[in-house]
2 protein chains.
Amino acid sequence: MAASGSSTLVFSSSFAIVTIVTVIAISSPVPSLASKPSNLPSPKRLPGFLSKHWHPITPQQRLQYQYETRYFYQRLDHFSFADLPRFPQRYLINSQHWVGPSRLGPIFLYCGNEGDIEWFAVNSGFVWEIAPRFGAMVLFPEHRYYGESMPYGSRDEAYKNATTLAYLTAEQALADFTVLVTDLKRNLSAEACPVVLFGGSYGGMLAAWMRLKYPHVAIGALASSAPILQFEDIVPPETFYNIVSNDFKRESTSCFNTIKESWAALISEGLRENGLAQLTKTFHMCRELTSTGDLINWLEDAYSYLAMVDYPYPSAFMMPLPGYPIREVCRKIDGLPSGTSIPERIFEGVSIYYNYTGEADCFELDDDPHGLDGWNWQACTEMVMPISSSREASMFQTYDYNYSDFQKECWKNFRVVPRPKWITMQFGGHDIKTALEKFGSNIIFSNGLLDPWSGDSVLQNISETIVALVTDEGAHHIDLRPSTPEDPDWLVEQRATEIKLIQGWINDYWEAKKTTFDM
Amino acid sequence: MAASGSSTLVFSSSFAIVTIVTVIAISSPVPSLASKPSNLPSPKRLPGFLSKHWHPITPQQRLQYQYETRYFYQRLDHFSFADLPRFPQRYLINSQHWVGPSRLGPIFLYCGNEGDIEWFAVNSGFVWEIAPRFGAMVLFPEHRYYGESMPYGSRDEAYKNATTLAYLTAEQALADFTVLVTDLKRNLSAEACPVVLFGGSYGGMLAAWMRLKYPHVAIGALASSAPILQFEDIVPPETFYNIVSNDFKRESTSCFNTIKESWAALISEGLRENGLAQLTKTFHMCRELTSTGDLINWLEDAYSYLAMVDYPYPSAFMMPLPGYPIREVCRKIDGLPSGTSIPERIFEGVSIYYNYTGEADCFELDDDPHGLDGWNWQACTEMVMPISSSREASMFQTYDYNYSDFQKECWKNFRVVPRPKWITMQFGGHDIKTALEKFGSNIIFSNGLLDPWSGDSVLQNISETIVALVTDEGAHHIDLRPSTPEDPDWLVEQRATEIKLIQGWINDYWEAKKTTFDM
């Protein structure tokens, strides 16, 4: 295996992903992004998210929501007439509570993101829970090139090379959603039924963009934790790691400091004779570490993930975790007896993340190195998100984003040249306030400030109908998650506001339709 | 030559086109759309426009406006990462009056349509004339696959087959404009300068669509004679020919009736022994007619063209013509001595169109059968515009639109399957009022009611900023034409309103920018 843990430029997303089909690394025709020899300190990567450590859907979860699985044959390139093979797009559908065309029953469409759609479905309980009260149909179309929605017949073929991957773009995904829902509505004589979009993370970006690009297709969008501004020079590239760092600092300055100091300690340890062996032992690695950089990446990932899922109640989104897991991590780090070494403190801390259930005897650095190929491709083409780590505010190693290195890595790995300015040309981003104010309507940007991606989203109301819902204690698209008895009041209120806003869009739409009919 | 005059399904547009490079019919690798054996009555076609009878740019016209000609290398498929060759997009640029970035000088961008961009430039005098008072840069980017903006190195290669033509779509053209102007602005440090879009006919559709799809790129659009609703079942397919017919009827009912009766007379004549020879003689054809259908097409074209350019003053947009040319045609038809046969009346009438200068000794049915290949491709892919001719209101032969025939013809000619529902999925169209009202701003839809395409455009104000300017006496995008001393008051007023609205967009933009700066 080329890869385990030697990841250097894994520009993986923060975004939920799961690859049901396990691909053996060695057989993957796409060069691993993790094959660059690692030096110290390792170049900063876009933090990965759910890819490596996703928590599989339990049979119980799968039974939680009822849906039918269907497939729709899509064009591979909507924007040309090139003679390319169609591919089956999977979608989940539930019409149980739908009041139908005669009553203009709404259609709730979740914009599938970079992973198996069933996984997003079970983790987006909000959509399922509110559908009955709206008499709404629920639709979860899968994003092309993920899950079962594979062009060219199989994942292996779809991911063969840059030519086959070429059509894995956000614009094509939006067109897929549009064609699917338009066709579905026509078949049901439901052309007049309003569509409401939902999406979290990259799916939230798609929901917001779809509302902007296809306003005639959907009447509104709930874009949860959608970092649509993480492009070019719109927000400072330090934003992400600064927020992660603040999440730790707010729990404990000494915890923050320990982590900030740990990198030098680990590097120093790694350089000593038998240092790597010692680190392997300290961190209970299943296999001998080959570089301190690998270990550092593993730790950095944990901190980033922890910030994203710093939910107020116990959850098992990616890993089984306690409520406010960062608090627990810092309790460990701070609470060990004086004299405990920094590496030992760090190990105990991240064990909260990697081993909360206590079932792991040892750790693999990277147990699904190829789960993110699709997102890596997207990051190397359109989704070019600059990320740095600042000297002062960040507890991570200092790192300055270097586009030139990034581009080289993309060429090496995919034989593709990124288009870092394309997304803002296509969807805007600079001066977003003016653009949205003048031209948008009916979008909720919901963000929790603990989520490191929140700094790249829209945090202020832009107009009466483009609304920012910001919660101090929220993390990555918590509002979309299934409700729990432990939901704090602010979360209950946030969801109530969202329901009210969505109801408002639908009522407005119904009213306008009524006026048209009356005329 | 496969073609002359035997055109059956020439779904040519109403839209301005000129092909500088003359292509010999026989050498064109694209099968001629005019090769189907013609029967009587011939199936109704989308009326052609400027293709066959375009009036070349005079040296005087070329000197009228100063511009530099430049080329920008564009991706062939903006929406995928397929490794395709780039192509040079030609654009005309004039910065003479531009007040530059420091004063947020506007950029006037004309959305090039299906033809040589120089031809649109000289025929869109309005843009040039108003630029100085706005301190605006003028930009005329050419539409891909037209003029000099050829993919694959040459027109022959670009038009080789469905594979090479695949990227000739409206979405790609809009992306071309976006990439070009974004890059240009960046190079000039003019990112903050507002862009205003202009366009006539298909170019007007592009301008309106670009405003909808790329609101962050342009602050407003003047969409002149843009039939954005001529798709699917949005407007009745009889609209176009009904308006042409009304244009004649309003001048003279007897003229209308003579034309309406002429088809049967011509067909009957053609069926007689030596009938075609007689018709050849009556209509001063340079070559012997081989079918009455060819003649009928030639006449129908003339009537449609006349309606489009039924300008109140003498013009030479397509052909040198008197003011209100339909009036002149009807004067001829009505004014001949009693006893003059219907074919003779018709000939004298269309001579106003085909031979106003009196220079022609005889007529060719179709002197540029391949000039419209590009538009024919577009009509066979995205721009599927249903058109019929009604029994009562139309003076043309009755014809019911038949999609199935259309599709077969497209397959035969281009080996491509049309996507008749795609444009409305992509840009909307159904319930356009709601969509635009809720989501659009800063678009002027200007239409003259004599223009047969006006029935497929937006004729009512939709909101405070989506405005319909409708003139009873206007024809096809007359407002974009250069001003003349003979301009009627209503035209002068219309242009003044347009200037005022555009100034309003720019002022609003400047105001918003100022607020941002002040903040």
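Predicted model: local features only at pLDDT ≥ 70, side-chain atom pairs only at ≥ 80, totals over all residues.
Residues are numbered from 1 along each chain as its sequence is written, chains are lettered from A in the order in which they are written, and side-chain values use heavy atoms, with hydrogens and water left out.

Let's start at the interface. In chain B, 46 residues are in contact with 46 residues of chain A (contact: heavy atoms within 4.5 Å). Together the two chains bury about 3,900 Å², with carbon and sulfur atoms giving 62% of that (buried area: accessible area, 1.4 Å probe, that two parts lose on being put together, summed over both). F79(B), F81(B) and F439(B) supply 23% of the area that chain B buries against chain A, more than any other three residues.

The rule also finds two salt bridges across this interface (a Lys or Arg side-chain nitrogen within 4 Å of an Asp or Glu carboxyl oxygen). K513(A) forms a salt bridge with D431(B), their closest N and O atoms being 3.3 Å apart.

| Helix of chain B | Residues |
|---|---|
| α6(B) | 170–187 |
| α7(B) | 202–213 |
| α17(B) | 432–439 |
| α18(B) | 489–518 |

The largest share of that side, seven residues, comes from α6(B).

Now for the helix pair: in chain A, the axes of α8 (residues 239–251) and α9 (residues 253–271) come within 5 Å and cross at roughly 135° (axes are lines fitted to C-alpha atoms over the stretch in contact, with angles from 0 to 180 degrees between N-to-C directions). The contact involves S245(A), F248(A) and K249(A) of α8(A), and T253(A), C255(A), F256(A) and I259(A) of α9(A).

Note on methods
Helix = DSSP H or I, 4+ residues; strand = E, 2+ residues; numbered from the N terminus.
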